[in-house]
Amino acid sequence: MSALLGATLLSGCVSSGSEPDRARPSEGASDGKPVYGGVFRYASVGTQTSYDPLKRGTLDASMIGIYDTLTQYTEDGTVQPYLAESLESADAQTWTLKLRPGIKFHDGTALDADAVVYNIERHLNPDNASSARSYVSGITKVEAADPLTVVFTLATPIASFPVNLTTAAGAIASPTAIKAAGDDYGRTSAVGAGAFKFEKWNPDQVTVLKKNPDYWQKGLPYLDEFHEIPMSDTQTRFAAFQGRNVEAAWFQEPNQLKWARDNPNLAVLHEPSGGVGGTGLVFQVKTPPFDDIRVRRATALAVNIDALNQALFQGGMPGMYGPFREGSFWYTGKAKWPHYDPEAAKKLVAEFEAEKGPLSFTLGCHNAPDRRRYIELIQNMLTQVGMDVKLDTPDVAQYVAATFAKDFQVGCFPKNGVDPDLIYFPSFTCDGPTTSNFFGYCNPAADEALIRGRQSLDPEERKAAYADFEEIISQDLPMVWHWGDTFSVITQPDIKGYVAPSSPTDWNPAYLWIAK
């Protein structure tokens, strides 16, 4: 059984346990007796916008350091309780969560059922515009049955509900701290129950977290401090890592990943698994010219994925057609995605221009060198089939902000995750949040397939539902994928205790230690 399939099977009923042992690194991974002390510096790819879970659909290492989540992926890909002691349901529609007793927030207040209800209701409130609202949108009622018990009632069965609580929706913040800070919460303060306390945040420079001496997992963390240092430029991060100016760095470029594989004495590479999602082009489907399916199809037909692979990655990155990587549990190969056919693309362009005039638009991506090279190659391919394509390459923060504001026509973007429900339900449903479905896609048939995928407890039924979803979007083409993402983290050889069950970039610094 694959790890991903195991996660699927266990998502219907999360087992209980007194200690979250399965979230800890194995003895083999720990590689000896842990050592206390030290400062850990992590070079991340982008800049933070807030440390409030309300403003973050997904989590990263610094957020996980501050906030523990109600549930958490384990190293074998299953979902288990974390802040929760258990999470159970007989019908996948009513879920009962039991909290671990005695957990305190960094400010000394109790992490109890009322705190969980407060956080969930905060995400549910549409006035708050929560980036994580899609993960809790199926909840019709959440209530504290007693000080340590929370009951969730859902509108319909959601078999993957425990997975949703591994996200920012399950990152529980101190209600007292939120109320005290008001609109400044997440910028001047961030108070969770995690292994590290928020010390300071200098945007675009560094985030400093310090050890929580009263952490609920006795003996953890090992580190004194955890620093996140944003470095959007690939070469800057790589140089910082090679110079040992950081203990870990985020990468996805095959050249750097190959270097790490070839030099195990210089770096330890942590790569993703699961096969859900990748990078490609996302179309703004409600505005011209990409409201016309002919333009989306012509764009897909004009791109030679094999040539992209050779030019960008020297042949080291397998191409990808559709939302699931070949070889993964979810891949079926049934959907007929457009493949490279420049003559067919030219015909569609000519047909469009005969009706609506010259085809001209702007292709966007952020200004990291590898991404600029990517869209320059795309621009050249689209120009060859008769399109007039301009480029827009702001920095990462500007590009992400413009994308979420729907201020784009077509742009590069990754859509990837562990479970299809987590990444594709908010992104491709009609009522998905604008931070996920920022391209305006809506097809009730796709919604129906995604709902079936999230409600079933049977892995094969889920797989069939997502195969139907893929066939629908292969015709509608709100997005086209070009390669499977390799979002990875490289750590120095003396770093031990690295645990990243759901994704290499979503790892828990609580277990890290530095060998002397």
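Helix α7 (residues 234–242) has as its buried residues Thr-234, Arg-237, Phe-238, Ala-240 and Phe-241; buried means under 20% relative accessible area, exposed over 50% and partly exposed in between, with a 1.4 Å probe and protein chains only. Helices here are DSSP runs of H or I with at least four residues, strands are runs of E with at least two, and both are numbered from the N terminus. Looking down the axis of α7, the buried residues fall within an arc of 160°, so they line one face of the helix; the arc is taken over the directions from the helix axis to the C-beta atoms. An α-helix has 3.6 residues a turn, so residues three or four places apart point the same way.

A word on the source: this is a predicted model, in which local features need pLDDT of at least 70 and side-chain atom pairs count only at pLDDT 80 or more, while totals for chains, interfaces and linings use all residues. Residues are numbered from 1 along each chain as its sequence is written, and side-chain values use heavy atoms, with hydrogens and water left out.

What do the buried residues of α7 pack against? Their partners are β1 (39–44), β11 (248–251), α8 (254–262), α12 (369–384) and β18 (488–491), where contact means heavy atoms within 4.5 Å. At the start of α7, a side-chain oxygen of Asp-233 comes to within 3.2 Å of the backbone nitrogen of Gln-235. After the helix comes Arg-244, with a positive phi near 60°.

Helix α12 also meets α10 (residues 305–313): their axes come within 11 Å and cross at roughly 145°. Axes are lines fitted to C-alpha atoms, for helices over the stretch in contact, and angles run from 0 to 180 degrees between N-to-C directions. On the α10 side, the contact is made by Ala-307, Leu-308, Ala-311 and Leu-312, and on the α12 side the residues include Tyr-374 and Leu-377. Asn-309 is also in α10.

Now to the sheets, where two strands pair if DSSP finds at least two bridges between them. Five strands form an open sheet with mixed pairing, in the order β15-β14-β16-β13-β17. β15 (388–392) and β17 (479–483) stand at the edges with a single partner strand each, so one side of each is left without a neighbour in the sheet. α12 packs on this sheet, touching β13 (276–283), β14, β15, β16 and β17, and its direction makes about 170° with that of β15.

Another open sheet has four strands in the order β4-β5-β7-β6, with antiparallel pairing. Its edges are β4 (84–88) and β6 (139–146), each with a single partner strand, so one side of each is left without a neighbour in the sheet. Neighbouring strands here are turned by 15° against each other on average, direction ignored. Helix α4 (residues 113–124) packs on the sheet by touching β5, β6 and β7, and its direction makes about 165° with that of β6.

| Strand pair | Sense | Bridges | Facing residues |
|---|---|---|---|
| β5 (94–99) and β7 (149–154) | antiparallel | five | Leu-97 and Val-150 |
| β14 (360–364) and β16 (410–417) | parallel | two | Leu-363 and Val-410 |

Lastly, Ser-130 lies in the loop between α4 and β6. At 5% relative accessibility, Ser-130 counts as buried. Not counting residues up to four places away in sequence, Ser-130 touches Leu-54 and His-123.

Key. Polar contact = N/O pair within 3.5 Å; in protein donor to acceptor, adjacent residues only side chain to side chain.
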